[in-house]
Amino acid sequence: MMTNDNQELYQQVILDHNKKPRNFAKLDPATHTAEGYNPLCGDHLNVYLRLSPQHTIDEITFSGDGCAISKASASMMTTNLKGKSIDETNKMFEQFRELINGKLNPQKDPNILGRLAIFSNIWHYPARVKCASLCWHTMKAALDKEPKAVSTE
Amino acid sequence: MNPKTNFDVRTIRKDFPNLNVHVHGKPLVYLDNAATTLKPRQVIDAISQHYREETSNVHRGVHFLSEQATKKYEKAREKIQHFLNAKESAEIIFTRGTTESINLVAQSYGRTFLKSGDEILISRMEHHSNIVPWQMLCEQVGCRLVVSPINEKGELIWDEFKKRLSAKTKLVSIVYVSNSLGTINPVGDIIDAGHHVGAKVLIDGAQAVSHTEIDVQGLNCDFFAFSGHKLFGPTGIGVLYGKRELLDKMPPYQGGGDMIATVTFEKTLYNVLPYKFEAGTPHVAGVIGLGAAVDYVQSLDRDKAEEHKEQLLAYGTQELLKIPGLRLIGTAKFKTAILAFVLPGIHPHDLGTLVDREGVAIRTGHHCTQPIMQFFNIPATSRASLSIYNTQKEIDTLVRAVKKAKTIFD
């Protein structure tokens, strides 16, 4: 039997996205890309975006190597951001950051996180928060067209 | 009681209060000893006594407390001299740890005596602290860093190592025991081979000091670096041993108080060894704690302690390999009690989090040895590193926890 704690972190949805990550491929052509790296643990990923002329996300994919949390987070980020506008994307990123730092309670606070709320327990595992946030920082860096590899440090 | 060696782990365990802690409601199983060892009460008491009864600066005051602290501080230096079998206590320089010791040699010896065209030889299995200081030196003086390869077992390839030695080699800096593989390097041969081409040899002894007796004169190494906290001592204190003939020629690493003989604005005369290299108020409590740690280690039957760890290593190797798919990283013929492994389908960080919930502390990641991870083409490993207080029962707990984690990911 697993402990309840672990059931909270490694839920079926996360395990499933880890095993079968969605949108896990290089996107070519892409309008925006960035490389993300966590020097503490070696997690490494690329996020690729193709924006429409109306500035909505037509396509978003990722590639790279990381733990289950980072892979699942990236996979779920891509499924949630497809079709979203830049404004919605920024809002979702902001709320996701609040969520994983324990500052947003998805049951009480109004939010647009949808299934991403599954990461609400991660702030109990401080060492793992960056695993969940790496893909988001990388996506943001791609949109902001920051030219260099981003880092969680 | 271990029947084969009569090495009484239960008695040893009583010395380490941290072992009584519960983690997530489970008894702590501490298997991260290569990162840092737990501290025995003898060390904790020595540090506590210093702060309770003899707080003062050293080498300065004429008052009673300062004299007491200075005496203990210098006594600790002598203990470490004997622990390493150095010729004199002035060859023992206190630093913040292995990293600072290596940086001291790079910046003081390296910048003075190495020049463009010279080579520094290291190995593929070095910790970042025995790579980066040399890269910095190479940028400063134009010398070249040469890396000796390892084989699939994680052993230095001796012929390749010798091939890379030449008259250009001015420094050889090699780890005694690899922190991520457990490999024990043939440092005696390495030192002799380095000297044969006229190079000076530094040994990174961070993992070695808790594993084997060190005799710097017997080894004939030019520099030897280690950290107190991997030897049951406090963090923030370490040692650089250097031969006097070299230390005497080297300029100070940092300037400040205590490292001077006289200061005027025209000219400053530096202090004698070892104070030339100890600028500023040192980590007095740390040095006293390290002295107590050395006393503690020397009170043990080290052969029996090592035998105990070897049995744990053999048992742990056997039990971990029973887990389907598990691959050990680091299978050198001569290795210490370090069990690094990867499991298909589970990233080490997920495994680390899951076994932590069972009370088991292991290290996951690249262990500050990214070139080793690149060699084995893996992002990271999970590493259980064993010490004198660990038991077979604790290895069973680890194996159970790993199997349980595996069921979640299968």
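The legends below describe close-up views of a predicted model. Residues are numbered from 1 along each chain as its sequence is written, with chains lettered from A and ligands numbered from 1 in the order in which they are written. Because the model is predicted, local features need pLDDT of at least 70 and side-chain atom pairs count only at pLDDT 80 or more, while totals for chains, interfaces and linings use all residues.

**View 1. The contact between chain A and chain B.** Chain A gives 15 residues and chain B gives 14 residues (contact: C-beta atoms, placed from the backbone, within 7 Å). On the side of chain B, helix H12 (348–356) and helix H14 (392–409) each give two or more residues (helices are DSSP runs of H or I with at least four residues, strands are runs of E with at least two, numbered from the N terminus). H12(B) has the largest share, 4 residues.

**View 2. An open sheet in chain B.** The 4 strands are in the order S13-S14-S17-S16 and pair antiparallel (pairing: at least two DSSP bridges between two strands). Strands S13 (327–328) and S16 (363–365) of chain B each have a single partner strand, so one side of each lacks a neighbour in the sheet. Strand S14 (338–342) and strand S17 (381–385) of chain B are joined by 4 bridges, and Leu339(B) is opposite Ala384(B). H12(B) lies across S16 and S17 of chain B, at about 160 degrees to S16(B) (axes are lines fitted to C-alpha atoms, for helices over the stretch in contact; angles run from 0 to 180 degrees between N-to-C directions).

**View 3. Helix H4 of chain A.** The buried residues of H4(A) (86–100) are Thr89(A), Met92(A), Gln95(A), Phe96(A), Leu99(A) and Ile100(A) (buried: 20 or more other C-beta atoms within 10 Å; exposed: 12 or fewer; partly exposed: in between; C-beta atoms placed from the backbone). They lie on the same side of H4(A), because their arc around the axis is only 130 degrees (taken from the directions from the helix axis to the C-beta atoms). Strand S3 (57–65), helix H3 (68–81) and helix H5 (129–143) of chain A are among the elements covering them. Just after H4(A), Gly102(A) has a positive phi of about 75 degrees.

**View 4. Positive phi at two residues of chain B that are not glycine.** Phe232(B), with phi of about 70 degrees, is in the loop between strands S9 (223–227) and S10 (238–242) of chain B. Phe232(B) is buried, with 29 other C-beta atoms within 10 Å. Asn377(B), with phi of about 55 degrees, is exposed, with 6 such atoms within 10 Å.

Technical notes
Two residues are in contact if their C-beta atoms, placed from the backbone, lie within 7 Å.
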